[in-house]
Amino acid sequence: MSEGEQSILSPWEIDVYIEHLKITDLEDVGTKGWFEYHQRLMLLNQQNVFEISSFREESVKEAFVTFKKIPILIYEAIQIMIWKQKVYPLLIQLYGEPANTFLLFSVFYHEEMAVSLIENVLYHSDSVETMDDSIIDLIDYAVSYITMLLYSETSEPNDKLSSSCLEELEEKKRQIEFDIGIRCISILRYLAEFADNLPLCALSRMLTTNDVPYLLAQLIEMKPWRRRNKEGETMIYNGKWEKIEMSDFDKVCKIEGQVWFGLRELLLNPKCAPYYDITEVRMGQLSKLQKYIQEHVLDQIAPLIDLRRWLSYLNMSSQTPNSQRPINVEVIPEISSSIKEKYNKRWNRLAEHQAKTLFSKDIEHIKSMAQILSEAYDFDKLEIVDSKKCFRCKEVAKNRCSRCKEAWYCGRECQVKDWTNHKTICKNIVKSQEYCDSSD
C-alpha cells in the first residue's frame, strides 16, 4: 500500500461499522461480544484521528452524521462513567486485587474512545443537528468532568512501575479521567460556537442550569492543564505532559485557547444573553478574567479584544436580572437516569456476574480477549495514526532524518536549522545502531 493510500479502515468498513453501531448493555461489559464492539470503536477512533491529522476527507464524521449515531457514543461514555461509579468499586470491594489490569483497563479506555470520537466529530456544526435530546446528557456529562478537573486532587503522573495491579489500574484510571476532562473542554467550546444551531433547551442547560461561563472562568484562573513536576519545571498537558520551554512560556496552549473561545461565544452571542443573568456572584468571577487578557494573549487570540471590551463595560454598568426570560420547556437528561433506574438494587448482582470475566485468572480467556483487540493494537496502524512533531518548530512533521531515522521535521528548512543541535545526537544514534547490528 502506498503512502497516499494508507488507512486504518476502508470506506466500506467505516460505513458498515457505524451503520450497525448500537448501544451496548451494561451486563455485557467484559464479554466476547463487548470486546469485539470495543475493538470496532478503537479502529473508528484511530481512523478518525488519522483523517484529521492527514487533512483527509473525514469519512468517519460523515458516517456518524449520516446514520445519526452520535447519541450512541454519548450513551456509551455515560454508561461506562456509571459503571465506574457503581460496579467497579464493588468489584474491588468483593474480589480485591485483580489478577491483571488489561481487562479492566479496556473498560476505562472504552469511555475515552467514545469521548474522543465525540470531540472530533463535534468540530463540525452539522454534527450538532443530529444529536436529538442526548445533547442535554452530553452537556451534563462534560460539566461533571470539568468540575472534576477543577476540584479533584491531582497528583504528578507516575511513570514508575506500580507495586500492585490495583495501584497501576488506579493510576491509569486517573490519567484517562484527566484526559476525558480535557476533551470535555473542547466539547463545550464546540457547543458554544454552534449556539445558533442549538435547541433552546440546550442553551438553557449550559447557561442557566450548569453556568458554563462561570465554570470556564474558573478554568482560566486555575489552569489544571499546567503543573510543576518534582524538579520544579513547568509542565503542560497536550495529550501527554510535556516540559514548557522558556521561549514558549507565554504561548497560549490549545486547551486554554478552547476555554477562551468558549467564553467569548457564550458571553457575546445575543442568542445566549436571555439565558444568562449577570448576578453579583457571576460578575465577581467574570471580572477576574480581565487580568488574564494581557497583550501577549491578545496577540495570539485577537478576537478576545471584544471580550475584554465587554468585561470593561460589565464593570462600569449595573446589571439587573433579565425579567424577560424566554419561555422554555426544560428537557430532562434521560440516559443517566434510565441506566441507574434499570439496574437499581442490582449493582451487586452485576458485579458478581462481571467478575467471572473481568477478574478471570484463566490465561486462555485473557489471551482470547487480547486477540480480539490485536488488530486495533497493530503497530503498523498505530504508526499511521501517531502524528510526529517537528524537532525544531513542534508543528506536524512528515519527514525524518535519513541517517538516524529518529528526528522528525516539517520540512527542509527546519532540518537545516536544527542540524547544529542534532548532528552529535545523530552520530551517536547511528553508532549505537551499527554496534547493535554487529552484535547480532
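Analyst: One definition is needed at the outset: two strands count as paired if DSSP finds at least two bridges between them. The model under discussion is a predicted one.

User: How many residues lie between strand 1 and strand 2 in their hairpin?

Analyst: Strand 1 and strand 2 pair in the antiparallel sense, over 3 bridges. Within this pairing, Arg-228 stands opposite Thr-234 of strand 2. The turn contains Gly-232, with a positive phi of about 85°. The number of residues between the two strands is 5.

User: Which residue in the turn between strand 2 and strand 3 has a positive phi?

Analyst: Strand 2 also pairs with strand 3 (residues 241-243), in the antiparallel sense and over 3 bridges. Here Met-235 stands opposite Lys-243. The two strands form a hairpin with 3 residues between them, and the turn residue with a positive phi, about 85°, is Gly-239.

User: Are the side-pointing residues Thr-234, Met-235, Ile-236 and Tyr-237 of strand 2 buried or exposed?

Analyst: Thr-234 and Ile-236 point one way from strand 2, while Met-235 and Tyr-237 point the other way. The cut-off for a buried residue is under 20% relative accessible area. On both sides of strand 2, these residues are buried.

User: Where is Lys-223 found, and what is its relative accessibility?

Analyst: Lys-223 belongs to the loop that joins helix 11 (212-222) to strand 1 (226-228). Its phi is positive, about 45°, although Lys-223 is not a glycine. Beyond its neighbours within four places in sequence, Lys-223 is in contact with Glu-256 and Tyr-292. Lys-223 counts as buried because its relative accessibility is 18%.

User: Which residue supplies a backbone oxygen 2.7 Å from a polar atom of the Lys-223 side chain?

Analyst: A polar contact requires a pair of N or O atoms within 3.5 Å. The side chain of Lys-223 has a polar atom 2.7 Å from such a backbone oxygen, and the residue that supplies this oxygen is Ile-220.

User: Is Lys-68, which also has a positive phi, buried or exposed?

Analyst: Lys-68 lies in the loop between helix 3 (59-66) and helix 4. Its phi is positive, about 55°, although Lys-68 is not a glycine. With a relative accessible area of 58%, Lys-68 is exposed.

User: With which side chain does the side chain of Lys-84 make a polar contact?

Analyst: Lys-84 is placed in helix 4 (residues 70-86), and it counts as buried because its relative accessibility is 6%. Leaving aside neighbours within four places in sequence, the contacts of Lys-84 include Pro-89, Glu-111, Lys-173 and Glu-177. Lys-84 and Phe-108 are 24 residues apart in sequence, with their C-alpha atoms 8.0 Å apart. The polar contact, at 2.9 Å, is with the side chain of Tyr-145.

User: Why do the buried residues of helix 18 line one face of the helix?

Analyst: The buried residues of helix 18 (residues 363-373) are His-365, Ile-366, Met-369, Ile-372 and Leu-373. Seen down the helix axis, these residues line one face because they fall within an arc of 115°.

User: What covers the buried residues of helix 18, and which residue caps its N-terminal end?

Analyst: The cover includes helix 2 (32-53), helix 6 (102-121) and helix 17 (347-358). The face turned away from the buried side carries the exposed residues Ile-363, Glu-364, Lys-367 and Gln-371. At the N-terminal end, a side-chain oxygen lies 3.0 Å from the backbone nitrogen of Glu-364, and the capping residue is Asp-362.

User: What percentage of the residues in the protein chain is buried?

Analyst: The chain has 20 helices and 7 strands. It exposes about 22,800 Å², of which carbon and sulfur atoms supply 51%. Of its 440 residues, the buried ones make up 48%.

Notes:
Residues are numbered from 1 along each chain as its sequence is written. This is a predicted model: local features need pLDDT of at least 70, side-chain atom pairs count only at pLDDT 80 or more; totals for chains, interfaces and linings use all residues. Side-chain values use heavy atoms; hydrogens and water are left out. Helices (H or I, at least four residues) and strands (E, at least two) are DSSP runs, numbered from the N terminus. Buried means under 20% relative accessible area, exposed over 50%, partly exposed in between (1.4 Å probe, protein chains only). A polar contact is a pair of N or O atoms within 3.5 Å; within protein, one must be able to donate a hydrogen and the other to accept it, and residues adjacent in sequence count only if both atoms are side-chain atoms. Contact means heavy atoms within 4.5 Å. The arc is that of the directions from the helix axis to the C-beta atoms. Accessible areas come from the Shrake-Rupley method with a 1.4 Å probe; for residues, only the protein chains shown count as cover.
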